[in-house]
Amino acid sequence: MGTEEEYKKHPIYGTDLNKSASELLCDISSKLQHIRGQVYDVGCGFPVVKEQLVSAEGALTCLIGYIHDLKDKAIANEVAQLTRERGKHLDFKSRGLGKELSSHCFVCGFKDSISMMDNVAAFVRTKAEGEEIASWFNKGGRRLDYREQEPNWLQVKVWACKKHVPNLKYLINHSSKYGVLCKMDVEDIRAFHIDRVTKSGQLITDSG
Ligand SMILES: [Zn+2]
């Protein structure tokens with residue numbers, strides 16, 4: 001028996017074991033959903049096996065649920081690993097790119113006082129966590145949206161000038177993987193230059 005590191009180089013079924021467990025379980029889940037759809041199609045097309053295939057669909061639904069739970073477990077494990085390597089991670093559920101008046105760019109501090117600037121709003125878990133995340137950004141470039149009358153509507157908003165929209169997109173992409181963010185991520189994202197990405201997609205930042 002080889003070690004898992006050796007197995008990862010030559011997996012028998014050709015699975016890309018450089019991906020994380022959560023990504024692979026996500027892939028498996030979507031393949032199973034596709035197969036479940038095919039089972040449904042076959043049942044509709046061939047009534048002779050329809051009844052049995054309805055049972056098979058049910059079994060696949062159970063299996064998909066099971067894989068989904070395993071994926072959540074893998075994500076928790078991967079975030080715990082990131083926390084050991086890069087410090088505390090807090091929930092940051094991005095809502096994608098938007099536009100809003102008007103704050104400072106979170107990278108360079110530029111302020112457009114006439115037109116709207118691109119921004120991202122992300123849900124955070126508590127007011128205290130929102131304040132902590134906001135403190136990772138430069139003062140003018142972010143805001144915690146907290147409403148006394150709606151205490152569960154908690155968002156951190158971050159703005160960027162036109163030149164630094166790629167940094168904003170990078171913030172969205174990076175935080176979307178697990179829906180979390182850490183202070184070191186924010187430093188990397190602020191140091192990110194769109195023209196400094198190598199062909200292999202590796203990032204070159206000011207810090208390293
Ligand atoms: Zn800027």
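**Entry 1: the model.** I noted that this is a predicted model.

**Entry 2: helices α2 and α3.** I started with a reminder that two packed helices are described by the angle between their axes and the distance between those axes. I then looked up helix α2, residues 21-45, and helix α3, residues 50-86. Their axes come within 9 Å of each other and cross at roughly 170°. Angles over 145 degrees count as roughly antiparallel, so α2 is roughly antiparallel to α3. I also checked which classes of residue make the contact of α2 with α3: 19 are nonpolar, 6 are polar and 5 are charged.

**Entry 3: strands around β5.** Which strands pair with β5, I wondered? Strand β3 (residues 117-123) is joined to β5 (residues 150-160) by 6 bridges, and the two run antiparallel. Here I found Phe-123 standing opposite Gln-155 of β5. Strand β4 (residues 142-147) also pairs with β5 in the antiparallel sense, over 5 bridges. Leu-144 has Val-156 in β5 as its bridge partner. I saw that β4 and β5 make a hairpin, with 2 residues between them.

**Entry 4: helices α5 and α6.** My last stop was helix α5 (residues 165-176) and helix α6 (residues 183-191), which pack at an angle of about 145° with axes 9 Å apart. Is their crossing left-handed or right-handed? I noted that the crossing of α5 and α6 is right-handed. From α5, the contact uses Asn-167, Tyr-170, Leu-171 and His-174, and from α6 it uses Asp-185, Ile-189 and Arg-190. Sorted by class, the contact of α5 with α6 has 3 nonpolar, 2 polar and 2 charged residues.

Notes:
Residues are numbered from 1 along each chain as its sequence is written. This is a predicted model: local features need pLDDT of at least 70, side-chain atom pairs count only at pLDDT 80 or more; totals for chains, interfaces and linings use all residues. Axes are lines fitted to C-alpha atoms, for helices over the stretch in contact, and angles run from 0 to 180 degrees between N-to-C directions. Helices (H or I, at least four residues) and strands (E, at least two) are DSSP runs, numbered from the N terminus. Angles under 35 degrees count as roughly parallel, over 145 as roughly antiparallel, 65 to 115 as roughly perpendicular and the rest as oblique. Ala, Val, Leu, Ile, Met, Phe, Trp, Tyr, Cys and Pro count as nonpolar, Asp, Glu, Lys and Arg as charged, and the others, Gly among them, as polar. Two strands pair if DSSP finds at least two bridges between them. A crossing is left-handed if the near helix is turned anticlockwise from the far one by less than a right angle, and right-handed if clockwise. Two residues are in contact if their C-beta atoms, placed from the backbone, lie within 7 Å.
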